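I opened my notebook to record what I looked up in one structure. The entries follow in the order I made them.

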Amino acid sequence: MQRIFKIQLCFLLIAGCVLGQGNTIHKVLEIAQAEQHQFINQLVLNPELPSQHFLKTETWWQLSSQQRRIDGSVKHCFRFDPQQSDMLFLLLAQELIVDSVLLNNQLQPFQHNNNILSISLEGIAPQAYTQVQVYYGGIPPSGGFGSFEIGFSPYGRKYLYTLSEPYGSADWWPCPTTRNVKIDTLSEHIITPAGELAAGNGILQSIDTLPGGRTQFNWHHAHSVAPYLIGTSVGEYLSEQYEVPLTLGNLPVLNFIYPEENEFWINARPNISRMLTFFDSLFIPYPFSDEKYGHAQFPWGGGIEHQTMSFVRNMDQVLCSHELAHQWFGNLVTCNSWQNIWLNEGFATYLSALYDERFRPQEFDLWRQTQKNFVMEGEGGTVLVSDTTDVSRIFSGKFSYFKSAMILNMLRLHIGKQSFYSGLRNYLQSGIETGGYGSTESLIYHLNLASGKQLEPFFNQWLNSTGFPIINVSWYTTQKAISIKLNQDPNQEGLFPGTVPIRVASQYSDTLILVDISSAEGEWININKPGVNTITADPYSDVLAYFQVRQYHNPASNQRFTVAPNPAKDDFRILAIPGEELPAKLEIYSSSGASLGEFALTSSGEIVFNNLIKFSSGLYYMRWLSNSGPVTLPVVFLP
């Protein structure tokens with residue numbers, strides 16, 4: 001999902017094999033179940049609500065853009081598992097009135113209290129194919145980001161739309177009580193007034209004309225889907241369709257758009273096609289290639305990644321690439337808990353940036369700078385969500401979207417592109433094989449295998465820390481080489497592992513080198529490159545850290561201190577061998593011995609003279625007391 005967040009002066013649209021053996025799988029389920037109980041505790045008296053596994057869910061909904069109301073029925077089909085319970089529990093808002101319930105086509109008693117619909121399954125044989133159909137209607141409550149709403153397009157037309165993430169499904173349809181069980185197959189039959197279209201998941205199999213000038217849209221989705229990714233939108237749409245050639249064949253792209261923006265969407269086809277082709281080749285083929293991908297415009301400030309049909313405000317490239325990326329990260333493999341929402345939103349945000357890196361590199365450069373500045377300013381916070389009942393915290397732009405995406409950027413830098421993409425392909429494939437849900441533990445497992453590294457320290461620190469490291473970059477030159485050392489303050493919030501890009505510049509060329517941080521103290525590394533005069537730490541804003549760069553004097557020299565440049569025109573820098581501390585202040589004397597005053601140094605050893613201070617050309621001396629005794633250092637000023 002994408003919302004609109006303001007970052008400084010820019011507006012960005014944000015807004016997706018074996019799991020370390022059986023123990024990891026159980027851990028995934030326990031986390032999700034515990035989270036769901038936490039949410040249900042706010043709604044019901046009994047937090048222990050088991051769920052059947054739904055083989056198929058079929059819906060019949062009567063909807064109109066002119067009335068904020070839903071009427072119809074939902075049928076759930078499953079093989080009865082008595083180990084779960086002899087009751088079927090469904091989440092459904094108390095504001096909706098249940099007219100009747102059919103169990104295998106027979107009227108069945110029910111209770112609807114505290115947002116829980118309870119239906120007895122007593123007498124059903126174990127593993128018997130069972131159908132429960134709920135007839136209901138009413139005006140849904142408004143929860144989350146607006147789970148069931150009517151809004152106006154910029155052109156004054158009304159549209160009814162749903163947005164169930166994170167907990168809004170129960171506001172408008174009877175859904176499973178546990179978040180981590182997907183529905184295997186979905187059929188939606190949506191009845192609208194004449195002239196209105198209804199968006200849905202999967203393939204639009206047919207459109208039926210009903211008495212009274214009504215129309216029924218019959219959608220079918222033959223892939224497992226999380227309940228919050230089921231959605232519809234109804235209104236006066238214009239339908240447009242084209243095909244994009246992908247790995248597994250031509251993919252239909254179906255868009256339900258505002259009639260007034262038809263030309264805009266036609267012009268956007270090359271960009272949408274390019275996004276699909278890019279993501280299809282980057283990881284694994286588009287997951288729903290036997291059905292479709294598409295968009296439905298809706299009057300909300302961003303987008304939501306309904307499976308096979310994203311709802312978007314407009315065709316902005318950042319917005320559309322973000323929601324498309326969710327079809328892999330968020331839909332095909334869904335975060336097992338809202339605590340791990342970064343597995344959805346962090347990935348979709350970063351994949352959108354990777355699209356820019358490939359096709360709009362200047363935008364990618366701006367993206368890194370903007371994200372780093374925004375994430376590191378103000379109050380800090382963790383990526384992992386501690387309170388999954390706080391919807392605004394779950395979808396924090398700063399932490400769940402931007403910080404998460406920057407951590408992925410640092411990860412790719414740390415392990416290399418080949419290991420990064422290989423590990424993610426295996427993570428996606430594993431998620432398919434284990435119920436369509438993924439976890440941070442699963443991600444780490446596959447990235448460890450792909451990279452040959454143990455990445456637990458990297459993820460534990462970056463996902464759980466609220467602050468950012470201060471990285472000291474020390475360097476000095478010899479005749480043919482440069483030596484560099486990185487270290488972190490041992491008193492800060494633990495060691496932040498990672499890789500730092502360093503740009504090394506000489507009068508002949510620039511070179512980008514990557515330096516790993518493996519310990520707080522760090523070690524000197526030597527690079528064969530003569531004539532280096534400047535270095536820049538993190539030149540492209542890849543790393544969430546503060547950098548302090550300090551040049552030292554060559555320790556092999558007989559001198560403890562030197563001046564560069566010397567002769568100097570204006571400002572200059574004092575260099576010390578490693579181990580010698582630079583003074584905070586020093587005195588400057590003329591060649592005749594007259595004191596010209598005390599001057600302060602910057603932390604990097606520079607003396608900066610303001611415009612009011614002018615020295616005539618000639619020889620001068622600097623004097624101070626170092627930790628190893630008095631120091632006198634000559635410097636020549638040029639006119």
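Two strands count as paired if DSSP finds at least two bridges between them. I needed that before reading any partners. I also noted that the model is predicted.

Entry on a hairpin. I looked up Leu 619 and found that it stands opposite Val 636 in β39. The strands here are β38, residues 618-626, and β39, residues 629-637, and they pair in the antiparallel sense over 9 bridges. How many residues lie between β38 and β39 in their hairpin? I found 2 residues between them.

Entry on the sheet around it. I wrote down the strand order β36-β35-β38-β39, an open sheet of 4 strands with antiparallel pairing. The edge strands are β36 (595-600) and β39, and each of them pairs on one side only. On average, neighbouring strands of this sheet are turned by 25° against each other, direction ignored. I then checked β35, residues 585-590, which pairs with β36 in the antiparallel sense over 4 bridges. In that pairing Lys 585 stands opposite Ala 600 in β36.

Entry on β4. I traced two pairings of this strand. Strand β3 (residues 54-64) and strand β4 (residues 67-79) run antiparallel and are joined by 9 bridges. A hairpin of 2 residues leads from β3 to β4, and Glu 58 stands opposite Lys 75 in β4. β4 also pairs with strand β10, residues 129-138, in the antiparallel sense over 10 bridges. Which residue of β10 is the bridge partner of Phe 78? I found Thr 130.

Entry on two helices. I looked at helix α2 (residues 262-282) and helix α3 (residues 317-326), whose axes come within 10 Å and cross at roughly 35°. The crossing of α2 and α3 is right-handed. On the α2 side the contact is made by Asn 271, Ile 272, Arg 274, Met 275, Leu 276 and Phe 279. On the α3 side I listed Gln 317, Cys 320, Ser 321, Leu 324 and Ala 325. By class, this contact has 7 nonpolar, 3 polar and 1 charged residues.

Entry on α4. I then checked burial, where the cut-off is under 20% relative accessible area. In α4, 15 of the 18 residues are buried, so the helix is largely enclosed by the rest of the structure.

Entry on backbone details. I found a cis peptide bond from Glu 165 to Pro 166, with omega near 0°. Pro 166 is in the loop between β12 (158-162) and β13 (175-176). The bond from Ala 564 to Pro 565 is also cis, with omega near -10°, and Pro 565 is in the loop between β33 (561-564) and β34 (572-576).

I also looked up phi angles. Asn 105 is not a glycine, yet its phi is positive, about 70°. Asn 105 lies in the loop between β6 (97-103) and β7 (106-107), and it counts as exposed at 54% relative accessibility. Gln 127 has a positive phi near 65°. Gln 127 is in the loop between β9 (116-120) and β10, and is partly exposed, with a relative accessible area of 45%.

Methods. Residues are numbered from 1 along each chain as its sequence is written. This is a predicted model: local features need pLDDT of at least 70, side-chain atom pairs count only at pLDDT 80 or more; totals for chains, interfaces and linings use all residues. Side-chain values use heavy atoms; hydrogens and water are left out. Axes are lines fitted to C-alpha atoms, for helices over the stretch in contact, and angles run from 0 to 180 degrees between N-to-C directions. A crossing is left-handed if the near helix is turned anticlockwise from the far one by less than a right angle, and right-handed if clockwise. Contact means heavy atoms within 4.5 Å. Ala, Val, Leu, Ile, Met, Phe, Trp, Tyr, Cys and Pro count as nonpolar, Asp, Glu, Lys and Arg as charged, and the others, Gly among them, as polar. Buried means under 20% relative accessible area, exposed over 50%, partly exposed in between (1.4 Å probe, protein chains only).
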